[in-house]
Amino acid sequence: MEALNYSLWDSVLKITKAAQEKGSDPLLWAIQVSSNLNSAGVALPSLELANLLVHHICWENNVSIAWKFLEKALALKIVPPLLVLGLLSIRVIPYRHSCPAAFRLYMELLKQHAFALEEYTNLPTNEQIMDSLDAILHFSQIFGVRANKAGTFLVLFIFSIIWQLVDASLDDDGLLHLTPEKNSIWPTKPQEMQVDIPNNYDEKRIEHKERLLTINSIMAVELIGQFLQNKVTSRILYLARQNMSTHWESFVQRIQLLVANSSALQNSNVMIAEVFQQLISDGCKTLSQHFRGSSLQEFHAVEQFRPLGTSACLCLGSRSSLWLPLDLLLEDAMDGSQVDATSAVEIITGLVKSLQAFNATSWHEAFLGLWMAALRLVQRERDPIEGPMPRLDTCMCMLLSITTLVVADLVEEEESTSTNEIGCNMVSKHQVTGKRHMDLIFSLQNLRDYQSLLTPPQSVVPAANQAAAKAMMFVSGIDVDSAYFECIRMAEMPISCSGNLHHLIVEACIARNLLDTSAYFWPGYVSGCINHLPHNDPTHVIGWSSFMKGSSLAPVTIKALASTPASSLAEIEKVFEIAVKGSDNERIAAAMILTGSSLIHGWNIQEHTVYFITRLLSPPVPADYSGSDSYLMQYAPMLNVLLVGIAPVDCVQIFSLHGLVPQLAGSLMTICEVFGSSVPNVSWTLTTGEEISSHAVFSNAFALLLKLWRFNHPPIEYGAGDVPPVGSQLTPEYLLQVRNSHLVYFENTLKDPNRRRLERVTSFSSPKPIFVDSFPKLKAWYRQHLACIASPLSGLVNGTPIHQTVDTLLNMMFRKIKRGSPSVISISSGSSSSSGAGSEDNLRPKLPAWDILEAVPFVADAALTACAHGRLSPRELCTGLKDLADYLPATLAIIVSYFSAEVTRGVWKSVFMNGTDWPSPAANLSNVEEKIKKILAATGVDVPSLAAGGSSPAVLPLPLAAFVSLTITYKLDKASQRFLDLAGPALESLAAGCPWPCMPIVASLWTQKVKRWSDFLVFSASRTVFLHNNHAVIQLLKSCFSSTLGLNSTCMSSNGGIGALLGHGFGSHFKGLESRRQPKMERDTDPSHLLHL
């Protein structure tokens, strides 16, 4: 082994010497060296490499290229900066007279690296670094303090480095003999013969050397002054003063000598003696008052999250800037207009591992970067714009559920030693104790230093306060169960229990066995102790505790459980058992509870909740089942409650983040196939009194299924030819392929905790692969859907069943219209076989949903054609389409698809939105356009002149006018919202692709309907500019980069970084609407996403 190590370092030295002789690029040298070390299994940063490089330079290779190699090694973090600085200090300072250039370079490195202290406690080899520097600088021997903790180590190191510079400066002025010790603690002169440099006696060289010595002396005292003035290092010096009074007294005496006699200090144009004098004068009492109560955490707080990188941070390699990709990934994951077939846990885990390896950071730093990115995400939604796509609950899911699962999987990955644990629960139950686990604990402890990120959104405050109260009671020795928190208000507590996001994160980690309750004793975690509690009797309170003790599912109990998240897996499991084995009413109640607060706010058990809901959508065959119909019909009421409960956009996004979209799609396809093939002759009555039919169950399942792929995006995205564009990969076939892949066993897959969770869900729902061919009705509709997108409608033959269905639906839609001569049906559909209006029963056909969906494109085409030729008024058209959607809500999706395809084809005439035939946007169109201009101007984009707001009339293509007019006829109630969630994104994408100013017109119409969505709608409309103006795209990209790098000193924050790029801290410059967002640079190829909400 020793021979192997010798061979390795000998080869590194040979590489260095060869690169030095060739004058190679330092970056190429660093890549080659780090590659060799990685191949040999050497952890980076490497202590051995630091020693080798310093020894190489001092003094046989004291040349420029060798110093550049060392500088590049420091910049790329393949050597520990503190160790290098310590080694150089004892090597270079004694030879500062004979090698002044080396001393100058040493001070430059000191300025660059000695003030970035957040990096020094995060290195994986921190203990070895401390031991090595103790051996080099003799901390233990000189100060009588063992540097066994990072905080103590930093104090000793900074104190020693400054002391060395002070002694060197005294020695340069011949003042060192005036100190009580008569000499320096550290060497200030060579211990052996002076280094002989070639041509050392050349007159020009002597002159240059003397000039450099003078400059170095001045630079040294100026550097001392920087240490005294810097906020972090001055606090460290204060800690040294408080804890090492004897040594501090000697240090101050040296400063006094320097102030009184130093020629370098007097000659400095930058540093004045008063700065030094202040340190040793009575004015220092003011400093002590300012820092009273200071601790190591305070100077950590100084290095807490800045707006993630000023321009200097990004250019000089700030560690915080390394995690920028995480912020961008998390922001992308919040896009509610689309879902992902891959678990966010898997995606984020892969990115964290890649960034940690590529940047050669410690796991402590990687975990801290991940937590802070998730916290920043939540902070960006503290004051969200109200709109149809809420994000706060999804952001909280990302922080407390997804991020926690990511770190849990990373910790388990390191600790797993056997594949025998595959059959264990969804989260490993054993307490892990590896290196990653310890780094995770340290990162969680560090989080409390970032108070600006920990303030909870207003809706989350009660949960945060309860988490803090729970910890406070535990620390106070008061044993209470969850029932007590169900019967007490935080205002009744004897002392304030103000919690924050840190308390919720810790609770999430405890719930997943990453921490235990010893975390409650962390310094500063609780704000005090409780001596007594208010007397409350939890036995009479209805909640989870009474439910677990056997309370029946009465209406009041169901309401309480649905409105309060479960606190443990056992509680959710009991609800699931009732849903599987209970009576019909109990199943409905269990479904209501599972899709209630436990799904949205039950962050500690959320992965289990979505897992159980997914399983219930593929319920088991009842033991007493017999009959020709599908057994799913017996579960219709429960299935409908589940489908309605998970229909909101934020719920769908939560399933997407947990990676359950493929499993959800498989279950929904089965439900759609069964209930869509059923004639609606049977109805079921829910506990609320509502009656539902197979049409209702189908419509809810179908609408939810369509949200799981890019169904509602413009048809042009589907592309042409044999190779579809990347954006269209989320198809039914693809979702089923991903689902089936979770059933395939691979050794590396089974070691992945996230894949084990997904495999468990999939195998319980259906242990066999599922293919589109298993759903013939769905497959036929999907083929028709693609055909309608590809070409105009054709193939409707008189006398066929589908033609008869078209006539029946048209009669139902337009039965109230009295036209005199030909009937509406024959006018609209071109049929000559109309039989008149018919009875009301005949007008509400009892047909399977799939048969109706097959006819809807022809119905919509006939109605739109009649309107275009004046045979139907716009009001009659929209009323008829609304009647059709009310009859079978799933038809709205087909109408959306048809209108989208027809708008894209561009064959229809435009209509005037004049307020007579079609709704008018005139009331606020000019206001919307003006706000769009202001928003884009605030992002550094000059908007071209917008024409529609003046005398020019507002026009839209006929299908788009019909589409938007239909959507604004809907009431914004819960029943309509789940279908508008499907139509809304399609309307936005469609209007964005039409000529300007179609999008502002649509936004104006919807703003008139829902004024509280005004901000959201205007921001959506502002993106449209980039589809019509390539120059605007270029301007936006420049603004994004300028904002990130902090180069823009005008309207955007000059601090730069994540905050400037994604919207943190933007509001101080603008009032009202424009103040809430900042430009965001998207990675999507669609320019409309360059300004992303």
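Predicted model: local features only at pLDDT ≥ 70, side-chain atom pairs only at ≥ 80, totals over all residues.
Local features need pLDDT of at least 70 and side-chain atom pairs count only at pLDDT 80 or more, while totals for chains, interfaces and linings use all residues. Residues are numbered from 1 along each chain as its sequence is written, and side-chain values use heavy atoms, with hydrogens and water left out.

Helix α5 spans residues 81-92, and helix α9 spans residues 150-172. Helices here are DSSP runs (H or I, at least four residues), numbered from the N terminus. The two pack at an angle of about 30°, and their axes lie 11 Å apart. Axes are lines fitted to C-alpha atoms over the stretch in contact, and angles run from 0 to 180 degrees between N-to-C directions. α5 and α9 are therefore roughly parallel to each other, a term for angles under 35 degrees. α5 passes α9 in a left-handed crossing, in which the near helix is turned anticlockwise from the far one by less than a right angle.

From α5, the contact involves Leu82, Leu85, Gly86, Ser89 and Ile90. From α9, Phe153, Leu154, Phe157, Ile161 and Gln164 meet them. Contact means heavy atoms within 4.5 Å. Seven residues of the contact of α5 with α9 are nonpolar, three are polar and none is charged. Nonpolar covers Ala, Val, Leu, Ile, Met, Phe, Trp, Tyr, Cys and Pro; charged covers Asp, Glu, Lys and Arg; the others, Gly among them, count as polar.

Eleven cavities of 30 Å³ or more occur in the structure. A cavity is a set of points on a 1 Å grid over the protein atoms alone, where a 1.4 Å probe fits but cannot get out; lining residues have an atom within 4 Å of a point. Grid points are joined across faces, edges and corners, and a volume is the space filled by probe spheres set on the points.

α49 (974-993), α50 (998-1009) and α51 (1014-1022) each supply at least two lining residues. α49 gives the most, with eight. The lining of the largest cavity comprises 14 nonpolar, four polar and two charged residues.

Twelve residues line the second largest cavity, and Gly336, Ser337, Val649, Lys707 and Asp981 are the closest to its centre. α34 (649-657) and α49 each supply at least two of its lining residues. α34 gives the most, with three. By class, this lining has five nonpolar, five polar and two charged residues.

Conventions: Parallel < 35°, antiparallel > 145°, perpendicular 65-115°, else oblique. 1 Å grid on protein atoms, 1.4 Å probe; cavity = no way out; pocket = protein on both sides within 12 Å on 5 of 7 lines; lining within 4 Å.
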